[in-house]
Amino acid sequence: VPRKIPGKKGGQGRIQLAIIKRVKSLRPGERLSFAEACRILSGKEKYTMQTAKMPERQQESPIKILWSGEIESKWLIRYIESRCIPIDVARRFCKQARIEITTGEEKYRKTVTAFRSDKGGYEFRSPDCKISNSPKYFTTINPNKETLNLIEGHYDFFSYCVLWGYTRSETYIVLNSIVHITYIDFSKYKT
């Protein structure tokens, strides 16, 4: 829970502290005031974003993939199409999986779509499920192209493909979580 900044009323201090923390994550080791953080975020001060290293996790995931294959479940197809995504777009980039989730003493199973990250973890989706397993990381599609398209989630990526098309001549990075933006080396891309 963010601490309050002395002299500020209510949640205003927590918001200021959150802004300072976010900018400090981009500029580690620097002491910043709220005014300096705002100048950086507004673009009035130039800075170089440093690429962070993703910590390695050794913890076993409570989600186990029992099997995976092409998306065939009518239930999942209806779910995908209800999100205005043609099934051929979803099948191109993700699989159907049967997973087992362990919560304490209980285990239960679900059929979901599975979108793989660069580190081997997955984002799982169904009408009643939005979870992921370890390691959680971003997904790169067509690496090492000059043009980068940065997209937050994989269904956002599917929508992008439907609305603007997909091309192999561009790189797509699907963050799978906004926190992964600090792990991307933007210097490799022209746009």
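The model is a predicted one, in which local features need pLDDT of at least 70 and side-chain atom pairs count only at pLDDT 80 or more, while totals for chains, interfaces and linings use all residues. Residues are numbered from 1 along each chain as its sequence is written, and side-chain values use heavy atoms, with hydrogens and water left out. The model has an open sheet of 5 strands with antiparallel pairing and an open sheet of 3 strands with mixed pairing.

**The sheet of 5 strands**

- The strand order is E1-E2-E3-E4-E5, and the edges are strand E1 (63–69) and strand E5 (129–132), each of which pairs on one side only; strands (E, at least two residues) and helices (H or I, at least four) are DSSP runs numbered from the N terminus, and two strands pair if DSSP finds at least two bridges between them.
- Neighbouring strands of this sheet are turned by 35° against each other on average, direction ignored, where axes are lines fitted to C-alpha atoms, for helices over the stretch in contact, and angles run from 0 to 180 degrees between N-to-C directions.
- Strand E3 (residues 106–116) is joined to strand E4 (residues 122–126) by 4 bridges in the antiparallel sense, and Thr-113 has Arg-125 in E4 as its bridge partner.
- Helix H5 (residues 154–164) packs on the sheet and touches E3 and E4, with its direction at about 35° to that of E3; contact means heavy atoms within 4.5 Å.
- The hairpin of E3 and E4 has 5 residues between the strands, and in it Gly-120 takes a positive phi near 100°.
- E4 and E5 form a hairpin with 2 residues between them; these strands run antiparallel with 4 bridges, and Phe-124 has Ile-131 in E5 as its bridge partner.
- In E4, 4 of the 5 residues are buried, where buried means under 20% relative accessible area, exposed over 50% and partly exposed in between (1.4 Å probe, protein chains only).

**The sheet of 3 strands**

- The order here is E6-E8-E7, and because strand E6 (139–141) and strand E7 (148–151) each have a single partner strand, one side of each is left without a neighbour in the sheet.
- E7 and E8 run parallel and are joined by 4 bridges, with Leu-148 standing opposite Thr-171 in E8.

**Aromatic rings and cysteines**

- There are 15 aromatic pairs, counted when the ring centres of Phe, Tyr and Trp (its six-membered ring) lie within 6.5 Å, with planes under 30 degrees apart taken as stacked, over 60 as edge-to-face and the rest as tilted.
- The rings of Tyr-166 and Tyr-172 have centres 5.3 Å apart and planes at 25°, so this pair is stacked, and Tyr-172 is buried with a relative accessible area of 0%.
- One aromatic cluster includes Phe-157, Phe-158, Trp-164, Tyr-166 and Tyr-172.
- The whole structure holds 0 disulfides, a disulfide being a pair of cysteine sulfur atoms within 2.5 Å; Cys-94 is buried at 4% relative accessible area, and Cys-129 is buried at 8%.
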